[in-house]
Amino acid sequence: MPEKYHIEIKRVPPRYRPVGKLGIVDWREDCSSCHNCVKRSCVYGLFRDEADSLHDETGYLDYIYQCKGCLNCVQNCTKGILTRVVNPEYKRLGDSYYTPDIILSTWYQAETGGIPVSGAGYGGPFSGPGFNSMWTDMSEIVRPTRDGIHGREYINTSVDIGRKPGHVAFNQGEVEIFTSPLIENPMPLIFDILPERYQRGPVFAAVAQAAAKMGIFAVVRAEDLPPLPKHYPSVPGGIAVGKDEAAEHEIARNYLTPFISDPRTNIEAICPDAAMVMVADQPEIGSIIDALKHGKPERIVAIRLNAAPNATERTLELSRLGAEVIHLVFNSHGREAGAAKPRHMRDVLRDVHGALVKAGTRDEITLIASGGIALPEHMAKAVICGADLIAVDLPLVVALECRLCGECGRGEPCPVRLENTELEGASQRIVNLIGAWRNQLLELLGAMGIREARRLRGETGRSMFFEDLEEATFGRIFGKRKEEYGA
Amino acid sequence: MCAIAREDITQEQEIEGQSAFDYAAVSREVRRAAPRYRNPVGKFSVHRDSKCIACGKCVEVCEHDVHLRPQGYRMPLRPLDYRCIGPDCTESGPNCVEACPQGALSVRANPAYETLGDCRWPPDLLASTWHMAETGMQPSAFLESETGASGGGFDKLRFCFPDSPPSDLRPEDISTELLLNRRKNDPREKIKIDVPWYGGGMSFGSTNLRALISKARVAKAWNTFSCTGEGGYPDRFVPYADHMITQVATGLFGVREETISRARIVEFKYAQGAKPGLGGHLLGDKNTPDVAAMREAVVGTSLFSPFPFHSVYSIEDHKKHLDWIAHVNPRALLSAKVSTPNDVEMVAVGVYCAGAHIVHMDGSYGGTGAAPDVAKKNIAMPIEYAINGVHNFLMDEGVRDEITVIASGGIRTPWDVAKAIALGADGVVIGTAELVALDCIRCGRCESGRGCARGIATTDSELLEMLTIEWSTQRLVNLYSAWREILVGILYRLGLDSVAALRGRTDLLTHLDYEK
């Protein structure tokens, strides 16, 4: 039996106490020091070590806000002197897209590798913009498309990157035996370039090491890669990711995908064996690709294209030019650029995918989408909308305890000293996060009755969109909506 | 009625000096059931400072029993501020703050209150449920007790009430009965319940047995049903067997011939709204010796109900399941609990064709037990969309009047009940609202460590003690009473003489996002 793909999870405690949501404050001047103090009976032991642990605290408030929020102490205190408050620091985490809940959930997954679980049903808004206005399907009793009886462990999350010819080619009457290069990524996720301000200390190396541990690709800027040593390839080297030089070389050769923003960059001097390289979309893209593939037909060249209103036309055009991989880049909130009403990735991907299907070239090209992938469901939903895979960026630094506070962008010191992260722990936290994401993808695929992540691509029939459900239900009853759907 | 004899109880139980059967007789009478915590959280915080001279003026003016001075006390009690409805409490005359000659009182918004709840259950909805559970009465307008703040679905639907109801309609004549067996030429009992809802399945192992028994007791009191969930059928349920649905889930925990035989309704759980397509998972910590014995499992191990039924891949297979139950208990009505996938209409028709009496659709936003966040938020559609589609599909197929459609998954208030029925359901199943009535604050930590810190979703021997059956039962009786009263009020204002007449009346609804 072939070995199953598995991500090794190992608990990595945070270096800093995570910012908590809820805290308990008390008016001690009113305390009667009674003998049945509620602090002693906290089920979670929040107050148990209060006096002792405070000595070691770097910030008193961090300790207070680790409350689980059961309210027992507030409601049972003899004098009623306790109250519960929401940590103002918690409210400041992230932004309107990367909400505090998402940040906390990412920290939890990075620490434990576990799937976030909670009780009492869903408490969020009915629907929302972007991916919050679609639901994934599940198979009930009638399951014509289900892949037979299987367990979660039999679901394959691998996807292919590269061009798949749509037909058999002939060369002088003979069947062309050379096929386009194709690489397999074990899940529909790769790492994307981190914004420069986060690439401090061992962050870059941690991402690279995590990619290698899981066997997934990581896009990096070519200029971030150190030049090859003189004796390459006899003396491997390059990426300072650990002591095992052979492993370092493997990372560089197998899993790092250099992104060349400047066409004059000599990739052969940096990462000559990279299985995939990425170049920015530009007018002379055809010749650049030819140059990159010259003598290296097994090399995959991906084109990085900023998502804009013309993304569909440009993708079709590139597809006609023979592009293998197109990486559509959205902003950090998953929106396209340069539009009066920027569309969300959800809609752009459906548009692009639909156009490629119509043109009959969908299977010949790999679509990667990045920007605004903040949760594991975004991965599944982006694939449902038409991407082959997604590239993730900011959640990787959030896994390293980043609060997305933006202080580094303003030149201020980082509250969690990202630059002092310890390499091994940092890479394992990223592994934990992605492991948890993959397990959640398996939950979604299992519920849908889909055994192959490849088959999820463009499977909008396995999802439900807010506007469709509204139209079919309330639109039919109540007629016209007052406002257009704002996805 | 299904014949349950005393002998059916394997061991005659004595509870508080009464036999289990005598104890099971519960009244519908509303009696105040005060919160079980010393400091209930209310919308306002009332503070009395040391300037108080115990003149009793506040006790005199307060109409909401915030200020009390029991007989023989010199000082008033600490203000019961959770009852306070705010500084605008009196239409005429001064409020307590204004009446206090010493200026010793202050009323302000309670900061802890704002930390409660979420979009679906905002603080007001929690507080109004607590109010109904305590008093059996509808809360006054200071709490938004009709809708949540989720921004869609039930929270955007409103009723269009006529200017005045028909003059010959009296509230006391309005029927809230729900017929559960609609199949014509079916020899099985035409079970009717007195309210158009019943209690959802919560398994022994996930939830405090005392809460479960209280659910069974209120079901008996209100002539409706509760459900065993998938964790087996404890002996303590037997006195309530006429009001207890036996659930058969994929794990088949505790499913035995006798538990099928004694049930008036048997429910197959194909999926559940909180984790559609994922199955159930009882964490090892909750698997105590009692739970393990009931589930015939090893103590401390995690127990899984896999998804799906691996014996069911078609409606024919589903029929085979129902036939199996009918063979064991030909009297029982058959129900299928399903989630809300894309093809929920087809599923519902299939459930009918296989011979079921009830199709129970569990929408994606509900659920009481712990579930992966990714599933709760993303898998399957909200119940609001499923109800009307299924109703119309069954109508088009000409079988709507042959099957009872039950909706669940996000039914929080009697207003939601009425809206679900107006969209096309016959009745609903409730779960979270019952737990909120037992002082659940929806902190969502049902799964952590020893289980729920508030003693509701736990099997921890110490935490179990936080609930008493008497108190829990009374809270639920009160809640049911208030809900029924509100529902009757809605029907009265709509000019309908029964809840059955509301079914599918989408013409009585309006949606805030639509022009009509």
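**Exercise 1. State which residues form one aromatic cluster in this predicted model, and examine the ring pair A:Tyr122 and B:Tyr365.**

*Solution.*
Step 1. One aromatic cluster is formed by A:Tyr122, A:Phe126, A:Trp135, A:Phe474, A:Phe478, B:Tyr365, B:Tyr385 and B:Tyr514.

Step 2. Over all chains, the structure holds 17 aromatic pairs. One of them joins A:Tyr122 and B:Tyr365, at 4.6 Å centre to centre and with 35 degrees between the planes, and this pair is tilted.

Step 3. The pair crosses between chains. A:Tyr122 lies in the loop between strand S3 (117-118) and strand S4 (134-136) of chain A, while B:Tyr365 lies in the loop between strand S15 (358-362) and strand S16 (371-372) of chain B.

Step 4. Buried means under 20% relative accessible area. A:Tyr122 has 12% relative accessibility and therefore counts as buried. B:Tyr365 has 5% and so counts as buried.

**Exercise 2. Describe the aromatic pair of B:Phe159 and B:Phe161 and classify each residue by accessibility.**

*Solution.*
Step 1. The rings of B:Phe159 and B:Phe161 form a tilted pair, 5.9 Å centre to centre, with 40 degrees between the planes.

Step 2. B:Phe159 is buried, because its relative accessible area is 9%. B:Phe161, at 22% relative accessibility, counts as partly exposed.

**Exercise 3. Determine how helices H6 and H16 of chain B cross, and which residues meet.**

*Solution.*
Step 1. The axes of H6(B), residues 209-221, and H16(B), residues 469-494, come within 8 Å and cross at roughly 45 degrees. H6(B) is therefore oblique to H16(B).

Step 2. The crossing of these two helices, H6(B) and H16(B), is right-handed.

Step 3. From H6(B), the residues in contact are B:Arg210, B:Ile213, B:Ser214, B:Lys215, B:Arg217, B:Val218 and B:Ala221. From H16(B), they are B:Ile469, B:Glu470, B:Ser472, B:Thr473, B:Leu476, B:Val477 and B:Tyr480.

Step 4. Sorted by class, the contact of H6(B) with H16(B) has seven nonpolar, three polar and four charged residues.

**Exercise 4. Carry out the analysis for helices H9 and H10 of chain A.**

*Solution.*
Step 1. H9(A) spans residues 311-320 and H10(A) spans residues 345-359; their axes come within 9 Å and cross at roughly 35 degrees.

Step 2. H9(A) and H10(A) have a right-handed crossing.

Step 3. H9(A) contributes A:Ala311, A:Thr312, A:Thr315, A:Leu316 and A:Ser319 to the contact. H10(A) contributes A:Val348, A:Asp351, A:Val352, A:Ala355, A:Leu356 and A:Ala359.

Step 4. The residues of the contact of H9(A) with H10(A) comprise seven nonpolar, three polar and one charged.

Notes. Residues are numbered from 1 along each chain as its sequence is written. Chains are lettered from A and ligands numbered from 1 in the order in which they are written. This is a predicted model: local features need pLDDT of at least 70, side-chain atom pairs count only at pLDDT 80 or more; totals for chains, interfaces and linings use all residues. Side-chain values use heavy atoms; hydrogens and water are left out. Axes are lines fitted to C-alpha atoms, for helices over the stretch in contact, and angles run from 0 to 180 degrees between N-to-C directions. Helices (H or I, at least four residues) and strands (E, at least two) are DSSP runs, numbered from the N terminus. Angles under 35 degrees count as roughly parallel, over 145 as roughly antiparallel, 65 to 115 as roughly perpendicular and the rest as oblique. A crossing is left-handed if the near helix is turned anticlockwise from the far one by less than a right angle, and right-handed if clockwise. Contact means heavy atoms within 4.5 Å. Ala, Val, Leu, Ile, Met, Phe, Trp, Tyr, Cys and Pro count as nonpolar, Asp, Glu, Lys and Arg as charged, and the others, Gly among them, as polar. Rings of Phe, Tyr and Trp (its six-membered ring) pair if their centres lie within 6.5 Å; planes under 30 degrees apart count as stacked, over 60 as edge-to-face and the rest as tilted. Buried means under 20% relative accessible area, exposed over 50%, partly exposed in between (1.4 Å probe, protein chains only).
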